[in-house]
Amino acid sequence: MEYGQDLQGDKISLLGYGCMRMPLTDKNAAHIDERAAFELWDYAYAHGVNYYDTAWPYHAGNSETVLGKWLKTIDRTTVKVATKMPLWEIKKSKDADHIFDRQLKKTGTDYFDFYLAHALDADKYKTMTDCGVYDFLKQKKERGSIKRLGFSFHGEQKTFDKLLANFEWDFVQIQLNYIDWDFQNSKYYYGELVRRDIPVVVMEPVRGGLLAAPCKESTEIFKAAAPDKSAASWAMRYVASLPGVMTILSGMSAQSQLQDNLTTFDNFSPLSESERAVVQDALGAYVKFSAVPCTGCRYCMDCPAGVDIPKCFELFNAHKLGEKSLKFSVNSLSAKEFPSSCTVCKKCLPKCPQSINIPSELKKMSDIIDIM
Ligand code: SF4
Ligand code: SF4
């Protein structure tokens with residue numbers, strides 16, 4: 001297993017385990033299939049993955065709990081555990097204290113190796129400062145229950161700049177992949193962190209699975225360059241080749257994904273100049289097809305009108321990428337989950353970390369279905 005670049009000298013696996021998409025026993029996101037999850041974590045651990053990233057809302061609160069059960073089966077000191085403060089739950093300063101205590105109990109540990117203010121944007125920045133959450137977390141760090149303090153980011157550039165200018169951080173988690181390098185301004189965020197010697201934790205390296213099968217043309221470009229390598233491995237190598245990256249989080253929900261990633265990181269080689277050109281070609285092909293850049297995170301849910309937003313975009317993208325006919329795809333939605341149920345209330349808009357204009361994209365989808 002390749003190690004990431006850590007200025008403090010810790011050996012942190014370049015592949016980190018994102019615990020937000022674990023296998024389920026049924027359709028309910030809270031129902032993690034614990035046996036299957038333990039098998040995946042055991043296998044990853046045995047192959048050198050030592051960074052496990054969870055959060056308060058993942059799997060409706062059960063990711064932290066189930067990960068905590070698994071931690072009891074191994075030597076806690078051999079892994080790095082990361083979790084996050086859900087700032088949207090904070091109404092007064094005491095809330096942070098309560099949540100932090102609950103997280104320690106749920107994970108059955110007495111410290112977090114990495115702790116993040118979760119999904120910071122302008123609103124959460126305000127909560128963090130108004131409710132004294134940064135000072136609270138800094139105090140936890142001084143007392144040893146947080147080893148390193150960071151934030152994950154889903155906001156605008158000026159909030160990012162304020163975060164770096166006004167507070168001290170040991171690491172920062174940003175969305176980084178070969179599409180977002182330009183489309184989500186990741187190039188700027190990454191550049192600022194490297195310039196300040198702040199270790200980078202990468203989230204969404206394959207954009208919620210999208211870059212595992214970007215589109216037919218992109219996949220063919222990758223296959224022509226390396227027939228035995230997956231499209232996901234190109235996406236992982238793209239971010240892993242960047243200096244200053246400490247670990248790359250992958251939400252591996254199946255053994256095949258884990259195996260593919262382990263193959264990439266066990267025999268890691270950075271992208272060469274000619275391989276970079278291959279990624280650029282594949283990106284060009286993807287942009288031409290311009291699928292909706294939804295990662296399937298479901299932060300936009302629940303929709304008051306009942307639209308299953310991520311499912312709609314998944315089906316729409318599958319159609320645009322040539323996998324399915326749209327008419328066939330929409331048959332798997334119930335009537336109220338259908339894109340045309342959208343009342344344009346816009347409640348989902350501020351919740352989407354990808355800044356997707358959800359009602360507008362749903363309208364485009366409805367229009368295509370109507371003329372079919
Ligand atoms: S804008 Fe449409 S999709 Fe978004 S929450 Fe409102 S009804 Fe649901
Ligand atoms: S529309 Fe946005 S918030 Fe909703 S699942 Fe997709 S990326 Fe996540």
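Let's start with arginine 298: this residue is partly exposed, with 17 other C-beta atoms within 10 Å (buried means 20 or more such atoms within 10 Å, exposed 12 or fewer, and partly exposed in between, with C-beta atoms placed from the backbone). Please keep in mind that this is a predicted model, where local features need pLDDT of at least 70, side-chain atom pairs count only at pLDDT 80 or more, and totals for chains, interfaces and linings use all residues. Residues are numbered from 1 along each chain as its sequence is written, while chains are lettered from A and ligands numbered from 1 in the order in which they are written.

**Backbone details worth a look**

Arginine 298 has a phi near 70°, a positive value in a residue other than glycine. You will find arginine 298 in the loop between α12 and α13 (helices are DSSP runs of H or I with at least four residues, strands are runs of E with at least two, and both are numbered from the N terminus). That loop, between α12 (273-289) and α13 (309-320), also holds aspartate 302. A cis peptide bond, with omega of about 5°, links methionine 301 to aspartate 302. Further along, lysine 346 sits in the loop between α14 (326-330) and α15 (358-370). Its phi is positive too, at about 70°, although lysine 346 is not a glycine. Lysine 346 counts as exposed because it has 11 C-beta neighbours inside 10 Å. For context, most residues other than glycine have a negative phi, and most peptide bonds are trans.

**The two ligand shells**

Around ligand 1 there are 15 residues, the closest being Cys303, Ala305, Cys342, Cys345 and Cys348 (a residue belongs here if its C-beta atom, placed from the backbone, lies within 6 Å of the molecule). Helix α15 gives the most to this shell, with 3 residues. Ligand 2 is surrounded by 15 residues, and Cys294, Cys297, Cys300, Pro310 and Cys352 are the closest. Here α13 supplies the largest share, 3 residues.

**Domains and the barrel**

An automatic or database domain assignment sets the bounds, dividing the chain into domain 1 (15-287) and domain 2 (309-370). Taken over C-alpha atoms, their centres are 26 Å apart.

A closed barrel of 8 strands runs β1-β2-β3-β4-β5-β6-β7-β8 with parallel pairing (pairing needs at least two DSSP bridges between two strands). From one strand to the next, the twist averages 25° (axes are lines fitted to C-alpha atoms, for helices over the stretch in contact, and angles run from 0 to 180 degrees between N-to-C directions). Strands β6 (residues 171-175) and β7 (residues 200-203) pair in the parallel sense over 4 bridges, and valine 172 stands opposite valine 200 in β7. Packed on the sheet is helix α8 (residues 186-195), which touches β5, β6 and β7 and whose direction makes about 165° with that of β6.

Phenylalanine 151 lies in strand β5 (residues 146-153). With 28 C-beta neighbours inside 10 Å, phenylalanine 151 counts as buried. Beyond its neighbours within four places in sequence, phenylalanine 151 is in contact with Leu116, Ala117, Leu120, Leu163, Trp169 and Val172 (contact means C-beta atoms, placed from the backbone, within 7 Å). Phenylalanine 151 and glutamate 217 are 66 residues apart in sequence and 36 Å apart in space, C-alpha to C-alpha.

Technical notes:
Two residues are in contact if their C-beta atoms, placed from the backbone, lie within 7 Å.
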